[in-house]
Amino acid sequence: MHGRPRKASKPEEEAASAAKAVKLRSLQSQFMTYHHDKIYTKEAIELSTKLLEINPEAYTAWNYRKLAVEDSLSRIGPDPSLVKPILDEELRVVENALKQNFKSYGAWHHRKWVLSKGHSSTGNELKLLDKFQKLDSRNFHAWNYRRFVVELTNRSEQDELQYTDDMINNNFSNYSAWHNRSVLLSSLLANRADGFVPEKKIPDEYEIVHQAIFTDPDDQSGWFYHLWLLDQTVNVESPLLTSSWPSHGSSVILSGAGCFNGSPSNFTTFCSETGSFPLILYFDQAVGGVSSLTVTLDSELKGNENLVWEPISNKSSQVSCVWVARLNFSSQPCGSKDYKVKVRLGNSPGIVSSRGFNFSAPYEFVFTAHVHDPAKDSQERIVSWTDGFELWDAQSKDLNSLVTLGQLNAGIDLKWRQAAIDSEIECFRLLADSKIGKLTLARLLMASEAMMSDAAVKGVHYEEILQLYNDLMALDSSHHHYYKDEHSVAFLHKVTSSSESLSRYLFRYRDMNNLVCLRLNKLSLSRIASVNKLLFVQMLDLSHNELHSTEGLEAMQLLSCLNLSHNRIRSFSALDSLRHVKQLKVLDVSHNHIGKHSVDTTRYLCSSPLSNSDLSQDDVRRQNPGLVTKYWDAYFVLRDLNLKQLDIAGNEIAGDEFNSFVLQVVPKLVWLNGQKPGN
């Protein structure tokens with residue numbers, strides 16, 4: 001561990017180890033008898049001491065000693081003069097055990113337990129830790145215990161911060177000291193301790209970590225701390241609303257099921273069988289508490305007085321970056337009419353991040369809903385991914401009414417953050433020849449782009465970022481997949497950085513309500529990103545890429561058509577996020593790797609039938625339990641979708657049996673692999 005190679009055992013060492021094992025088995029046998037019989041005599045306790053001196057990892061022996069201590073304390077009463085010797089003996093046993101194995105979890109936990117009894121000197125503990133940490137300054141057990149001891153004393157966090165200074169100056173490679181420094185600084189900055197304001201302290205910390213990085217660029221400890229500092233620089237504590245749909249100033253045509261002819265190109269047409277449409281809020285971090293009490297609606301649309309907000313997450317959680325409420329428009333009077341809708345949030349407390357910070361930047365947006373009678377033409381036509389598309393006019397101003405490409409919440413002080421990032425960029429250009437230097441520079445440039453508010457300069461770094469990740473993929477094949485994912489993220493941020501760049505990939509699908517279509521096919525994408533800027537997209541072409549899952553697409557609640565053909569999807573469970581996209585009608589997953597691999601770790605992304613025995617037995621499960629067990633991942637994903645068109649050809653799993661199973665799970669399916677079932 002930590003670059004210290006193990007030495008091969010010598011014959012005499014192996015013989016000693018064998019003798020130790022024999023002695024250990026004999027002690028364990030006798031000890032277990034005492035333990036099972038709850039015997040806490042002096043002889044029994046001494047036997048556990050001998051056992052722990054040989055094997056400090058004997059957890060049962062530590063637990064036995066806790067029981068023995070409690071037994072002794074119950075018989076002598078609360079007299080400190082009698083209690084202290086018993087606890088001091090435990091500390092002595094732990095100290096001897098740690099001399100045998102300084103990284104014994106059981107020993108450190110037992111010492112915490114003894115100290116929590118309140119009869120031991122914390123000052124002595126700090127002295128002992130100083131001695132231990134001189135022997136192994138990077139031992140995280142000792143650092144964890146140190147934090148525990150400090151909490152029991154009056155020692156200030158500033159003093160502990162100075163201690164990390166001393167330890168780091170003694171050895172730049174002390175990862176545990178860097179980690180403890182981050183823990184202390186997080187607390188001091190959060191509590192606004194005297195002299196600890198982010199705009200001053202964070203830049204000072206960059207100077208400290210530079211000494212470590214430039215002294216030994218190959219050591220990872222300083223680099224990890226630098227990455228933590230970058231997070232502190234970029235991330236704002238209070239959650240922010242980054243986008244919404246509908247966006248401010250936009251207009252939406254709402255209609256029942258079917259095709260609404262004559263939809264203007266600068267409007268989004270939304271057809272719904274349920275007579276409702278999604279209202280989407282996208283935050284920069286996971287939040288909870290979004291409700292009709294914290295988000296108010298001033299609307300001429302009747303029947304929306306008490307909206308129910310739901311978090312959109314693949315986990316069963318009440319916190320999420322994405323929250324959705326469904327506004328009803330079916331109860332409006334017949335005939336076409338315009339309705340104004342105003343949404344306000346941040347005026348009432350209650351929206352809180354998963355880290356405990358309040359949403360405190362009031363914001364409101366207004367849009368217009370044009371409600372039309374349901375279209376008469378509801379014929380189910382096959383959706384083609386090759387014909388019927390019209391390129392978006394790059395000079396058109398329509399896009400500005402559909403998407404918010406900038407940060408919605410103004411007023412955040414980014415000056416010191418941007419200055420710190422700019423300084424770091426110039427500094428790390430000096431180390432751009434090394435792998436870690438290139439990676440850090442790419443991260444810094446991405447952070448700079450995230451904070452830019454001037455549209456004239458936004459996007460200037462993306463070409464350099466993409467080249468850095470290309471260089472890293474060539475230099476470091478062992479981390480190729482990570483660099484590939486980061487390259488995809490950077491590319492998608494570049495695409496969505498401006499209306500002009502985004503319009504190059506946008507189309508209208510004239511055969512179906514002039515749907516807004518984003519075509520990101522044949523781009524070698526391995527990861528989906530920047531979804532918060534794509535909430536308005538209704539048709540998405542991600543074909544001929546290198547995607548392994550649909551993670552992130554759950555936020556795109558308007559998505560009705562999705563093309564994932566010719567990717568690297570290995571199972572239906574990799575499509576689990578699509579279960580949240582209730583508007584999805586057309587899905588193409590043809591020519592992937594579904595069913596090809598007998599061992600597929602992505603199967604664990606969603607629950608198996610074995611852990612869902614409490615689920616209601618629907619007709620498919622009752623009639624075909626064997627097929628449900630065989631194709632459980634497909635069953636659990638497809639049954640929650642309301643698909644009309646599905647393409648699965650070209651996958652290993654595709655065949656008559658599976659096709660028949662799909663038609664049972666998705667009974668409303670009109671097109672399967674380009675054909676109407678039964679034809």
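Reader: Let's start with the charges: how many salt bridges does the structure hold?
Author: The structure holds 29 salt bridges. This is a predicted model, in which local features need pLDDT of at least 70 and side-chain atom pairs count only at pLDDT 80 or more, while totals for chains, interfaces and linings use all residues. Residues are numbered from 1 along each chain as its sequence is written, and side-chain values use heavy atoms, with hydrogens and water left out.

Reader: What makes Glu-205 and Arg-181 a salt bridge?
Author: The term asks for a side-chain nitrogen of Lys or Arg within 4 Å of a carboxyl oxygen of Asp or Glu. In the pair of Glu-205 and Arg-181 the closest N and O atoms are 2.8 Å apart, so the salt bridge is there by definition. Glu-205 belongs to helix H10 (residues 198–215) and Arg-181 to helix H9 (residues 175–190), so the bridge ties together parts that are 24 residues apart in sequence. Helices here are DSSP runs of H or I with at least four residues, strands are E runs of at least two, and both are numbered from the N terminus.

Reader: What makes Arg-579 partly exposed?
Author: Its relative accessibility is 22%, so Arg-579 counts as partly exposed. Arg-579 forms a salt bridge with Asp-640, with the closest N and O atoms 3.1 Å apart. That pair links distant parts of the chain, 61 residues apart: Arg-579 is in the loop between strand E15 (561–563) and strand E16 (586–588), and Asp-640 is in the loop between helix H19 (632–638) and strand E17 (645–647).

Reader: On to the rings. Why is the pair of Trp-108 and Tyr-145 called tilted?
Author: The structure holds 28 aromatic pairs. In the one formed by Trp-108 and Tyr-145, the centres are 5.2 Å apart and the planes are at 50 degrees. Rings of Phe, Tyr and Trp (its six-membered ring) pair if their centres lie within 6.5 Å, and planes under 30 degrees apart count as stacked, over 60 as edge-to-face and the rest as tilted, so this pair is tilted. The partners are 37 residues apart, Trp-108 in helix H5 (residues 105–115) and Tyr-145 in helix H7 (residues 140–151). Trp-108 is at 5% relative accessibility, so it counts as buried, and Tyr-145, at 2%, counts as buried too.

Reader: What kind of pair do the rings of Phe-283 and Phe-359 form, and why?
Author: Their centres are 5.7 Å apart and their planes are at 85 degrees, so the pair is edge-to-face. Phe-283 is in strand E4 (residues 276–288), while Phe-359 is in the loop between strand E9 (352–353) and strand E10 (363–371), 76 residues apart. Both are buried.

Reader: How do you know that the charged end of Arg-146 sits over the ring of Tyr-163?
Author: The test asks for NZ of Lys or CZ of Arg within 6 Å of the ring centre and within 35 degrees of the ring normal. The charged end of Arg-146 is 3.6 Å from the centre of the Tyr-163 ring and counts as sitting over it. Arg-146 is also in a network of salt bridges with Asp-130, Arg-155 and Glu-160.

Reader: What is noted about the phi of Lys-38?
Author: Lys-38 has a positive phi of about 55 degrees although it is not a glycine. Lys-38 is in the loop between helix H1 (11–36) and helix H2 (42–54). At 62% relative accessibility, Lys-38 counts as exposed.

Methods
Buried < 20%, exposed > 50% of the residue type's maximum accessible area, 1.4 Å probe, protein only.
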